Amino acid sequence: MSATGGMHWTRRTALLLTAGAVAAGLAGCEYADDVGPSGAAASPSWPSSPASAPPPTRDPELVAAEARNLLELEAVLDGAQDGPFFGGSGGIGDTSSGGFSVSSKVVRAGRYEVSAACVGAPDAHLSVFQGAREGGTLLVRSLDCGIATGALLDLESGEVSAHLVRYGGGAPGPATGAVAGIRISFYGPGR
């Protein structure tokens, strides 16, 4: 074996054969850009990007109900206060535990007005939290949907969050498009 190169020759030959097989395999490959193979114009049989599963579609009736409820919610909250410091609105789900929440940082300590409302469900539950102050919970209130509920709170500088959720028994059936909104705005210096 030493006259013909021994084990080194066998390894080199195997490596050379493997490299040759890979090169032969790649020689049969054709590279293309967005216009298809070999510069040909794209055709329906040659997609420019890989096919992916279509996004799930939502029930059009549910989407329409949410849109109607959001318009009604905005009308209810617009009469509640001027110039929100922060807030938002969104769906509160079609289950008894569906909910919506917003968070922000209070820069200036003082008295703030909290307004909340829901539409499309019989009731909801509002909670406002800030830091670890007395357990962090500043306000807990049940809401009847369709009217705005408000409260004045003294907030310190730091993170504050508000949550609107639906609980058990009074939940309407599925596909209600129930929505909720929360607004918190500066009212004046604290006590």
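Asp154 is partly exposed, with a relative accessible area of 22%. In this predicted model, Asp154 forms a salt bridge with Arg111, and the closest N and O atoms are 3.2 Å apart. Asp154 belongs to strand S8 and Arg111 to strand S5, so the contact ties together parts that are 43 residues apart in sequence.

In total, three salt bridges were identified. Glu74, Asp78 and Arg183 are linked in a network of such contacts. The closest N and O atoms of Asp78 and Arg183 are 3.2 Å apart. Because Asp78 is located in helix H2 and Arg183 in strand S10, this pair ties together parts that are 105 residues apart in sequence. Arg183 is buried, with a relative accessible area of 12%, whereas Glu74 is partly exposed at 28% and Asp78 is partly exposed at 47%.

The structure holds one disulfide, which joins Cys118 to Cys145 with an S to S distance of 1.8 Å. Cys118 lies in strand S5 (residues 110-119) and Cys145 in the loop between strands S7 (137-144) and S8 (149-155), so the link connects parts that are 27 residues apart in sequence. The link is left-handed, with -100 degrees about the S-S bond, and both cysteines are buried.

Strand S9 (residues 158-165) pairs with strand S4 (residues 99-106) in the antiparallel sense over eight bridges, with Lys105 opposite Glu159. Strand S9 also runs antiparallel to strand S6 (residues 123-130), to which six bridges join it; here Ser127 stands opposite His163.

Conventions. Residues are numbered from 1 along each chain as its sequence is written. This is a predicted model: local features need pLDDT of at least 70, side-chain atom pairs count only at pLDDT 80 or more; totals for chains, interfaces and linings use all residues. Side-chain values use heavy atoms; hydrogens and water are left out. Two strands pair if DSSP finds at least two bridges between them. Helices (H or I, at least four residues) and strands (E, at least two) are DSSP runs, numbered from the N terminus. A disulfide is a pair of cysteine sulfur atoms within 2.5 Å. Buried means under 20% relative accessible area, exposed over 50%, partly exposed in between (1.4 Å probe, protein chains only). A salt bridge is a side-chain nitrogen of Lys or Arg within 4 Å of a carboxyl oxygen of Asp or Glu.
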